[in-house]
Amino acid sequence: MSDIKGLFTDEVVTKALVRDVELPGGAGTLALITLDNGFDHTKPNTFGPGGLTALAEALDSIAERTDLAAVGVIGKPFIFAVGADLKGVGVIGDRDTALQIGRLGHAVFRRLGELPIPSFAFINGAAMGGGVELALHCTYRTVSSGVPAFALPECFLGLVPGWGGTQLLPRLIGPQAAIKLIIENPLSQNRMIKGREVFELGVADALFEPADFLEESLRWASQVLRGETAVERPAHDGDWTPVIDAARGLVDLKLRGSSPAPYRALDLIALARTAGRDEGFAAEANALADLIMGDELRAGLYSFDLVQRRAMRPAGAPDKALARKVAKVGVVGAGLMASQLALLFARRLHVPVVLTDLDRERLDKGIGYVHTEVDKLLGKGRISADEASRLKGLVTGSLSKDSFADADFVIEAVFEDLALKQKVFAEVEQVVSAECVLATNTSSLSVSAMAAELKHPERVVGFHFFNPVAILPLLEIVRGDRTDDATLATAFDIGKTLRKSCVLVKDAPAFVVNRILTRLMGEIIATVDEGTPLAVAEHALDDLGLPMSPFALLQLVGPAVALHVAETLHDAFPDRYPVSANLTKLVHAGKPGVYAPDFTLDPEAVALFTGGTSPSTAADVRHRALTALAEEIHLMLDEGVVTAAQDIDLCMILGAGWPFHLGGITPYLDRAGLSGERFLARGVASVPA
């Protein structure tokens, strides 16, 4: 133990503070353990060796007593516990040490389920990873309806729940629901659930409101101890094989074997069907040790650090004090993207939002979309009826841009045509104040060119969202040649309020994500143009576990949009961005892509890719595509498109779904030997190969 604690010299130790509580109704004394690391909710409770030791000592003192009816565990305000202290992973240098960490967590947590008296977890706030597992070891669990985040995110990082989660959870709620929490949610952008869903899934036995959560939890515990309330849990003794096999198939589709963690988790869940605690916990500890020493965890932690730290403090952002107040927003256009933006601004900024378009039919369709989405949020219980009414009232439409006269921020979301966007901004400038910020949602065009003929070009900024707007967290904020600091500060302030991760990018063709994806797609399409079978090129990168294959991405974006971006980049970089004649034929044929509605290849679309006589192998396609990405990113860094390579990694993770387990695109290309160590020289943390 002392050896392990010596490694974690930077651990913020979570203490286990014990006090006696007399339960109502004469049910006896409950020893209440409060987990608290001495900081507020911005520094959550975690468990390193010191924290585990503190909890073990508290349980030692409780086990020696004969006057207790029960033991309870609760967290500090707003936080239950968020799991292992991941800062210490980097100092673990051998598998034996990693194995000791797994065994120590099991040894401490399992005591909560093996005491001679019942144990209660009172989940009062955010609970993740080891915090969830601690609760699972208790005999009973209550949860606050105000819990904002409850998750087992380990597979997201390249680990498995290693302190009991894979063994206890499927026995408690069944394999299918357990797989949802342990595997499906982490692989779906690390989705969290809230307190009510924790209860509905059967993870918690009772649900109470935040205001009197502990009081009601103690009252409920008293009723359980007195036999007035019985907790019944269904048995899950049937055949788990079909559920496990189906989940394995879904993981194959999503990752194609590129990350071992979800597969190890499935094996452990299957083991839980028959294994006893000793066998199951030992298997967990061994899996944890293997994965801690693996490359994917280090890579995942690099990605996690980017998202949790760099995204919170955007490089190059001006002083927030320069930001202007925004009390009204205008949106030019009422199409799908514009309507999504209107709802997002209304929901997060709580200010009036006015949509404009060319005719009443388009405008009504845009407003109708907003109302439909608000009704969906209401139906899912994510907003109240009052909030739904308020949102519908905030979003209005007008056929005249005069409605923008008192707007503080106007964003255009019209078709990707430079002349059209210049015309829109010229018209808007006629009616808005000189301080009103003008933003463009362009995905590839020059922000500086849009602003060039305006009286106040300094208040124009790029505000590039990713579709679907409500889900994808990235916002590329583009500084034009003449964009001033006040405009930029306002853009970053709004982006933060919208709950987006903002990255400052230079006004360069297609910015970051679209430039990289267009280069990737261009190389893949070029190999097909040269004669490579489309199916071979399409699946050449499968082993990376990307969220979708190149031609599936083409289907999502739409060939016309992809062609437009390719043409824009061809104008800027003709030597690296050719315009595929076959892609042009696909657009002229009116095809939505190369796939039919049932996602089988459309023979007519495939037949348009003709004329090549020099096919490549899948290995050649893969090497060509990745080498091209390394070259393009190197050039982008030379051009100063972003402050550092980490910003490209962040953009690709948040905007393109680059897998967490690959650890960012630039470290991956370094490890693959395709960048000549060029990115490491630019300050990217090394991730093992």
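**Figure 1. Contacts of Leu 55, leaving aside its neighbours within four places in sequence, are made with Ala 16, Ile 33, Phe 47, Val 108, Phe 109 and Leu 134.** Contact here means heavy atoms within 4.5 Å. The model is a predicted one, in which local features need pLDDT of at least 70 and side-chain atom pairs count only at pLDDT 80 or more, whereas totals for chains, interfaces and linings use all residues. Residues are numbered from 1 along each chain as its sequence is written, and side-chain values use heavy atoms, with hydrogens and water left out. Leu 55 belongs to helix α2 (residues 49–63); helices (H or I, at least four residues) and strands (E, at least two) are DSSP runs numbered from the N terminus. With a relative accessible area of 0%, Leu 55 is buried. A separation of 45 Å lies between the C-alpha atoms of Leu 55 and Ala 388, which are 333 residues apart along the chain.

**Figure 2. Gly 75 is located in strand β3 (residues 70–75).** Its relative accessibility is 8%, and Gly 75 therefore counts as buried. When neighbours within four places in sequence are set aside, the residues in contact with Gly 75 are Thr 34, Leu 35, Asn 45, Phe 80, Phe 122 and Asn 124. The C-alpha atom of Gly 75 is separated by 40 Å from that of Lys 328, 253 residues apart along the chain.

**Figure 3. Helices α11 (residues 261–272) and α12 (residues 277–292) have axes that come within 10 Å and cross at roughly 175°.** The two helices are therefore roughly antiparallel to each other. In this classification, angles under 35 degrees are roughly parallel, over 145 roughly antiparallel, 65 to 115 roughly perpendicular and the rest oblique. Axes are lines fitted to C-alpha atoms, for helices over the stretch in contact, and the angles run from 0 to 180 degrees between N-to-C directions. On the α11 side the contact is made by Ala 261, Arg 264, Leu 268 and Leu 271, and on the α12 side by Glu 279, Gly 280, Ala 283, Glu 284, Asn 286, Ala 287, Asp 290 and Leu 291. By class, this contact of α11 with α12 comprises six nonpolar, two polar and four charged residues. Ala, Val, Leu, Ile, Met, Phe, Trp, Tyr, Cys and Pro count as nonpolar, Asp, Glu, Lys and Arg as charged, and the others, Gly among them, as polar.

**Figure 4. The buried residues of α12 pack against α3 (95–109), α4 (130–137), α6 (165–173), α11 and α13 (295–308).** These buried residues are Gly 280, Phe 281, Glu 284, Ala 285, Ala 287, Leu 288, Ala 289, Leu 291 and Ile 292. An α-helix has 3.6 residues a turn, so residues three or four places apart point the same way. Helix α12 has 16 residues and reaches 22 Å from its first C-alpha to its last, close to the 22 Å expected at 1.5 Å a residue; the expected span is 1.5 Å times one less than the number of residues.

Figure 5. Phi is near 55° at Asn 190, a positive value in a residue other than glycine. Asn 190 lies in the loop between α7 (175–184) and α8 (195–200) and, with a relative accessible area of 12%, is buried. For His 350, also a residue other than glycine, phi is near 60°. His 350 is placed in the loop between α14 (336–349) and β11 (353–356), where its relative accessible area of 48% makes it partly exposed.

**Figure 6. Asn 467 and Pro 468 are joined by a cis peptide bond, with omega about 5°.** Pro 468 is found in the loop between β15 (460–464) and β16 (474–479).

**Figure 7. Thr 532 occupies the loop between α20 (513–529) and α21 (534–538).** It is buried, at a relative accessible area of 2%. Not counting residues up to four places away in sequence, Thr 532 touches Thr 527, Ala 537, Ser 614, Pro 615, Ser 616 and Val 621. The C-alpha atoms of Thr 532 and Asp 237, 295 residues apart along the chain, are separated by 50 Å.

Terms used:
Buried means under 20% relative accessible area, exposed over 50%, partly exposed in between (1.4 Å probe, protein chains only).
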